[in-house]
Amino acid sequence: MPVVTRSIRDRSAVGRFPSVTLGLGEDEEEENEEPEEDDAGEENACRRWFRKVCPCCRPKPNDDDITDTVVTGIDELDEEEEIDDEKPVTGGSELDGLLLKVQSIDLMKSKSGENRTEHHTNLYQSDYFIIRRGQTFLMWITLSRPFSPDTDKLHLELKTGLLPTVSKGTHVIIPLVEELKTNRWEAAVVRQDDNKIMLSVNSPPTAVIGRYKLTVETTCANGQAVSKHDPANDIYMLFNPWCEDDTVFLDSEEERQEYVLNDIGRIYYGTSNQIGVRTWSYGQFDDGILAACVFVLEKSGTPPSGWGDPINVVRVISAMINSPGDSGVVEGNWSGDYSAGTSPTVWSGSVEILKEYIKNSGNPVKYGQCWVFGGVVTTVLRCLGVPSRTVTNFSSAHDTDVSLTTDVYLDENLDPIDHLNADSIWNFHVWNDCWMARPDLPPGNGGWQAVDATPQETSQGTYCCGPASLAAVRYGQVFLKHDCPFVFAEVNSDKIYWQRNLDGTFSQIYSEKKLMGHFISTKAVGSDERLDITDLYKHPEGSEQERIAVERACSYGSKAEAYSSPTAEDVSVEVSIDGEGPKMGSDAELTITLSNDSSEQRKLMLHSQVDVIYYTGVHKATVRKDKMELDLQPNEVNSLEWSLEYKDYKDQLIDQAALMLTLSGRVKETQQVVATQFIFRLRTPDLILKPIGKAVVGERMAVEISFTNPLPQVLKAVIFHVEGLGLLSAKKIHYGDIGSHASVSLTEHLVPSLPGPRKLMASLDCKQLTQVHGVTDITVEE
């Protein structure tokens, strides 16, 4: 780049090395007219000036010593103000010999080196320099000559974002000090070897996370020089759960291993009576995933100055993992038609999704549902250093009007009024917990926070949810941010039935208090067992504390004045299921139990309706309707066997194969209304995976996948999906048709790339049958 100089009159050069031009500004016209002669003249003037000022610099410097160094003037400008031409690059002139220049930077970023091991970033399968905030790291700098602390000065500069600013923490100037102190940006020389110095660099536990550009600025008696930015030396800064002063600090090493470093998890689904589980590959350390996570942050358009606060980062991630409004990572689809993308049940990990998002230049990946959103959020948060886990809530309410109740509207004949019944109950819903302090809330609200990326309702105009303090949810303190009312309703709202009166108004006729928030589940620490964390979200169901929390929460809801009017309860109805429940392709059998707790006879007309529903609780089709008149003797308990034949539901099945039985009736003598809804799923078979041969890194092995079709019909266009971190990249196998009740097997070959315990996962997808998957453990030897 040509050297552009400014007139000495235009700059304050006191005590600094001026731009070397003795022709000054007035001579520029002449230089343009006679470039050759003037060049020579300028060179002679420079030499004469050097001899007067610094005789030791007479020898011409060796060109090999010239590095990519920018010579700076006196007026230092922030990046957003500086003009490239005003910081000329030296190019072999004798000026270079006077400067202290950076010839190379070694960040010691080897995966097995001290930096990445001490920072717990050695598992990331990339060559980036990845560190955690609030902790020191080491680096070597090679200079053009030995560094003299008495006469030489040196500092580091880190810049992140489009407009780095010192006051906002996105332009960091790291001074050289004699002794490091905690909680601040500083560097100290810990070793010197001729022209090389080793620095120990400290970062504060509040530093902005993300990608920083690194440069080194040196100053000596003869001027300043700035090293050229090299993308290979970019620094990726993460949250630090090992640092006590970081707001994401987690004091249990076992929990850090699980919630930060474990790249495989378990996601639960089904119903509270039939809990299913599938393995999910988070893959937060896979090559390219960290870059993808930073890309997601950058694409959000939020200022990097807010990325030092995990509350902000989690909220951004919650919004960016879904697609509405911001072209986030995953597009949700609950229609049952996935022909334009991938069926949500096919995904078994986050890596393929995030890589496809990058490959598509930030266009949403099709398609996902709640467990996909939850799995990807866990990947991104763990990758960025926030302890997190995937959580499933069974019987999860979706409150659409901030009433903190789940409302069912019935007409005069006790039939549902569909257009008013906007609230729903999902068989299960998957979201995330993340761990952090909450200095923005009253004491006691830190710890686990709920965050939900599934786009259900907007929060401050954006489809995101959380972080909501689990402690606040448990005690009904729904006035605390963020989105506690919505999370509370999901786990602890009452279901209230309203009947339309002749004048068009509605009266509360019945309420159910124990329906929402059952068996809230996550993977246990250090094992594949299910951990029930319901007690973190709510007090024991029916306890005085739980009722107080509900009443406190609902007092802030939109129906506070109509809450929980008393009703007679001497007749009750319950539905139960035996064992693991019905299998796909078989008849479904349930037990209806009616109890009369009074000392008098009771008569009632019991209406029953069976619907096929999406797992979100949204109605798809009614399968059957019945009604029966029952006489209950004083203190009688009457159990009725109820069954649904396969032929009645087989043509209406959808994702998750969920059915809902609704019972309602009125007691003739007391006008008491009894009502309940029972959701059950039809169990699907597992894929059986059997490793064949010894698993050794770099050596070919095989896995046999077997499956039996449970349906009395042909499965059309079956696709198997297989993947495993360190074993096999995600792969689709188009198998074809599988006959009625037929058993099939196929063999897949793979070459393990990483040693240690690994999991290979497979899933099956076709129009007639979904939610079929399997997993096998494979221990790979070196």
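Helices here are DSSP runs of at least four residues and strands are DSSP runs of at least two, both numbered from the N terminus. Counted that way, the protein has 13 helices and 38 strands. Keep in mind that this is a predicted model.

## The whole chain

Let's start with the big picture. The protein has 782 residues, and 54% of them count as buried. Its accessible surface comes to about 33700 Å², with 47% of that belonging to carbon and sulfur atoms. If you take the contacts with a separation of 6 or more, 67% of them involve residues 24 or more positions apart.

## Helix H6 and what covers it

Where does helix H6 sit, out in the open or enclosed? The buried residues include Ile 311, Val 313, Arg 315 and Met 320.

What does the covering? Among the elements that cover the buried residues of H6 are helix H5 (289-299), helix H7 (351-359) and helix H8 (370-384). Strands take part too, including S18 (424-436) and S19 (447-451).

The N-terminal end of H6 has a cap: a side-chain oxygen of Asp 309 lies 2.9 Å from the backbone nitrogen of Ile 311.

## A six-stranded sheet

Strands S18 and S19 turn up again in an open sheet of six strands, ordered S20-S19-S18-S16-S23-S24 with antiparallel pairing. At its edges are S20 (468-469) and S24 (530-532), each pairing on one side only. S19 and S20 run antiparallel and are joined by two bridges, and Gln 449 stands opposite Ser 469 of S20.

H8, one of the elements covering H6, lies across S16 (388-398) and S18, and runs at about 0° to S18.

|---|---|---|
| S19 and S20 | two | Gln 449 and Ser 469 |

S37 and S38 form a hairpin with six residues between the strands. In this hairpin, Gln 771 takes a positive phi near 60°.

## Lys 647 in helix H13

Is Lys 647 buried or exposed? Lys 647 lies in helix H13 (residues 646-649). A residue counts as exposed when its relative accessible area is over 50%. Lys 647 has a relative accessible area of 55%, so this residue is exposed.

Which side chain does that of Lys 647 make a polar contact with? The partner is the side chain of Asp 648, at 3.4 Å. Asp 587 is 60 residues away from Lys 647 along the chain, and the C-alpha atoms of the two are separated by 8.4 Å.

Terms used
Residues numbered from 1 in each chain as written. Predicted model: local features only at pLDDT ≥ 70, side-chain atom pairs only at ≥ 80, totals over all residues. Heavy atoms only, no water. Buried < 20%, exposed > 50% of the residue type's maximum accessible area, 1.4 Å probe, protein only. Contact = heavy atoms within 4.5 Å. Polar contact = N/O pair within 3.5 Å; in protein donor to acceptor, adjacent residues only side chain to side chain. Pairing = 2+ DSSP bridges. Axes fitted to C-alpha atoms, helices over the stretch in contact; angles between N-to-C directions. Areas by Shrake-Rupley, 256 points an atom, 1.4 Å probe, with all protein chains shown as cover.
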